[in-house]
Amino acid sequence: MIQRHPLTYENALQRAAALCSKCEQCSPDIRKKLSGWGLSASDASRIIERLEQTRFIDDSRFAKAYAHDKLAFSGWGRMKIAQGLWAKRLPRHIIDVALESLDKEEYVRIAIKVISSRVRSNPELLDTYENRTKLLRFGVGRGFEMKLIASIITSIKRKRDEE
């Protein structure tokens with residue numbers, strides 16, 4: 001078995017900075033990595049403080065990027081995004097700011113796209129009350145608000161009935 005030596009403060013700082021320069025990171029994730037590298041809690045705190053001073057880490061910037069990417073690429077709603085950020089152990093005020101930064105028109109457009117895609121793959125979801133309830137649960141499971149999903153389902157059903 002190979003014995004691993006804990007990293008020195010300087011080596012850990014360099015590795016953490018390199019990691020942060022590759023992609024956006026949040027301080028709880030970096031703290032976890034530093035702990036895994038064998039650094040003490042005080043050294044980890046000093047490194048995170050240094051990375052924040054040099055703007056390698058910015059939790060609000062991370063949260064905004066995370067929220068935008070999860071909406072745009074994964075089709076997640078506000079509730080699921082908030083849950084993901086909470087799981088990262090970010091403070092509530094940062095999560096709220098990130099959710100407020102989402103473009104409202106894009107948010108509704110993506111919600112319509114997610115529900116419409118589901119209806120296209122399974123058209124009978126609009127036929128009965130039970131199936132519409134399943135569709136509603138699907139949308140809520142993706143993190144969208146129930147009121148928004150209900151209005152989208154009504155709109156899609158009305159449009160289909162007119163055709």
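Let me start with a term: nonpolar here takes in Ala, Val, Leu, Ile, Met, Phe, Trp, Tyr, Cys and Pro, charged means Asp, Glu, Lys and Arg, and the others, Gly among them, are polar. One caution: this is a predicted model.

Now the pocket. The largest pocket holds about 180 Å³ of space. Its lining has 5 nonpolar, 3 polar and 3 charged residues. Among the lining residues are I112, S116, S151, I152, K159 and R160. Two elements, α7 and α9, each give two or more residues to that lining. Which one gives the largest share? That is α9, with 6 residues.

So let's look at α9. The helix has 17 residues, and at 1.5 Å a residue they should span 24 Å. The end C-alpha atoms are 24 Å apart, so the model agrees.

Which residues of α9 are buried? They are L148, I149, I152, I153 and I156. Seen down the helix axis, the buried residues of α9 fall within an arc of 130°, so they line one face. They pack against α7, residues 104-121, and α8, residues 129-141. The face turned away from the buried side carries M146, K147 and E162, which are exposed.

L148 has a relative accessible area of 15%, so it counts as buried; the cut-off is under 20%. What does L148 touch, leaving aside neighbours within four places in sequence? Its contacts are Y107, V108 and A111. S42 is another matter: 106 residues away along the chain, with 46 Å between its C-alpha atom and that of L148.

Note on methods: Residues are numbered from 1 along each chain as its sequence is written. This is a predicted model: local features need pLDDT of at least 70, side-chain atom pairs count only at pLDDT 80 or more; totals for chains, interfaces and linings use all residues. Side-chain values use heavy atoms; hydrogens and water are left out. Buried means under 20% relative accessible area, exposed over 50%, partly exposed in between (1.4 Å probe, protein chains only). Contact means heavy atoms within 4.5 Å. Helices (H or I, at least four residues) and strands (E, at least two) are DSSP runs, numbered from the N terminus. The expected span of a helix is 1.5 Å times one less than its number of residues. The arc is that of the directions from the helix axis to the C-beta atoms. On a 1 Å grid over the protein atoms alone, a cavity is a set of points where a 1.4 Å probe fits but cannot get out, and a pocket is an open set with protein on both sides within 12 Å along at least five of seven lines; lining residues have an atom within 4 Å of a point. Grid points are joined across faces, edges and corners, and a volume is the space filled by probe spheres set on the points.
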